[in-house]
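Colleague: I would like to go through this structure with you and ask what stands behind each term. Please set each value against its rule.

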Amino acid sequence: MRKLWGRLTSVNVQKAVWALDEAGLAYERIDAGGAHGVVHDPAYRAKNPNGLVPTLEEDGFVLWESNAILRYVAAMAPSLAPPADPRMRAHIEQWLDWQATSFTPAMRDAFWQLYRSANPDRAVIDASVKRTEAFAAILDAHLTGRDYAVGDGFSIADIALGCAAHRWLNLPAERIERPALRRWYDRLAARPGAARALGEPIS
Ligand SMILES: N[C@@H](CCC(=O)N[C@@H](CS)C(=O)NCC(=O)O)C(=O)O
C-alpha cells in the first residue's frame, strides 16, 4: 500500500497530493508534521532523517523531497509523463528548481510572520513580500500568452509552481495584480486533481 506522510497544510505535501491525485494513484495520507507531531518519532526519522514532510512510502521504498516525489510520480503515471524533448524536460526541471530555491523561499518569512507568529513583524513581512514580488513578476511575464508553465500541456512544473502560487495569492498581504499568473492559477486550481491539495484553508 502506498502511504504519504504529511499534513495537508504543508505546501510541500500539497505538491505530492496533487501529483498522486492527478496521476490517479491510490494512497493513504497520514497526518504528520506541525501539531500532528510524528516527524520526531524514531520510526519516522528512520524513513526521513530530516524530520520533515512529505515522505512517500511504497512497500519498503521510501522517498522524501517533494520535487523528487513529483518526478517519481511523473515517471509512473502516463498522464504526467515527461515530454520526450530534452529541452522541454530541462525547462520542467528549471521551474521545479526555481520554485524550490527562489519563489517559495522568498515568501517564507511573510508566511511565517502572518500565520505562525503571535507578534507579526511588519518590516519582515514587507521585505519578504517585496522579494517575492520580483519572482512573481518573472512568473507572470513567463505565463503571459501561455496556458501551462512548459509547452502546451500540464506538467509537474505546474504542480510545483501552482502550490507556491496558491500560497502567494492567498497570503493576507497587499500584492501587485499579475493577470497572467492569476489566470493560469485559476485554471489550474479548477482541475479535479487540485481539489484535495488546495482545498484546505491555509494555516
Ligand atoms: N525540501 C523539502 C522541504 C520539506 C519541508 O520543509 N517541509 C515542512 C513543511 S512545508 C516541514 O516538514 N516542516 C516541519 C513540520 O511540518 O513539522 C521538500 O521539498 O520536501
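Modeller: This is a predicted model. Domain 1 and domain 2 bury about 1,500 Å² between them, with 63% of that area on carbon and sulfur atoms. Val 11, Trp 18 and Arg 71 supply 43% of the area that domain 1 buries against domain 2, more than any other three residues.

Colleague: What makes these two parts domain 1 and domain 2?

Modeller: The domain assignment of the protein chain gives residues 2-80 to domain 1 and residues 86-194 to domain 2. The centres of domain 1 and domain 2, taken over C-alpha atoms, are 21 Å apart.

Colleague: What does UniProt list for residues 1-81, and what for residues 85-203?

Modeller: An unreviewed UniProt entry places "domain: GST N-terminal" at residues 1-81. Residues 85-203 are listed there as "domain: GST C-terminal", also in an unreviewed entry. In the model, residues 1-81 are 37% helix and 19% strand, whereas residues 85-203 are 70% helix and 0% strand. The end C-alpha atoms are 22 Å apart for residues 1-81 and 39 Å apart for residues 85-203.

Colleague: How many residues of domain 1 and domain 2 are in contact?

Modeller: Contact requires heavy atoms within 4.5 Å. By that rule, 15 residues of domain 1 are in contact with 20 residues of domain 2.

Colleague: Why is the pair Glu 93 and Arg 71 called a salt bridge?

Modeller: The closest N and O atoms of Glu 93 and Arg 71 are 2.8 Å apart. The cut-off is 4 Å, so this pair counts as a salt bridge. Across the interface of domain 1 and domain 2 the rule finds 3 salt bridges. There are also 6 residue pairs in polar contact between domain 1 and domain 2, both residues being at pLDDT 80 or more.

Colleague: Which helices supply the side of domain 1 that touches domain 2?

Modeller: Helix H1 (11-23) and helix H3 (66-76) each supply at least two residues of that side. H1 gives the most, with 7 residues. By class, the side of domain 1 that touches domain 2 has 6 nonpolar, 4 polar and 5 charged residues.

Colleague: How many salt bridges does the structure hold, and what makes Arg 178 and Glu 133 one of them?

Modeller: The structure holds 13 salt bridges. For Arg 178 and Glu 133 the closest N and O atoms are 2.6 Å apart, and the limit is 4 Å, so the pair meets the rule. This pair links distant parts of the chain, 45 residues apart. Arg 178 is in the loop between helix H6 (156-170) and helix H7 (179-189), and Glu 133 is in helix H5 (residues 122-143).

Colleague: What kind of peptide bond joins Val 53 and Pro 54, and what is the phi of Val 38?

Modeller: The bond between Val 53 and Pro 54 is cis, with omega about 10°. Pro 54 lies in the loop between helix H2 (42-47) and strand S3 (55-58). Phi of Val 38 is near 70°, a positive value in a residue other than glycine. Val 38 is in the loop between strand S2 (28-30) and H2. Most residues other than glycine have a negative phi, and most peptide bonds are trans.

Conventions
Residues numbered from 1 in each chain as written. Predicted model: local features only at pLDDT ≥ 70, side-chain atom pairs only at ≥ 80, totals over all residues. Heavy atoms only, no water. Domains from an automatic or database assignment. Buried area = accessible area lost by both parts, 1.4 Å probe. Salt bridge = Lys/Arg side-chain N within 4 Å of Asp/Glu carboxyl O. Polar contact = N/O pair within 3.5 Å; in protein donor to acceptor, adjacent residues only side chain to side chain. Helix = DSSP H or I, 4+ residues; strand = E, 2+ residues; numbered from the N terminus. Nonpolar A, V, L, I, M, F, W, Y, C, P; charged D, E, K, R; others polar. UniProt positions renumbered as here; feature names shortened; annotations may be inferred.
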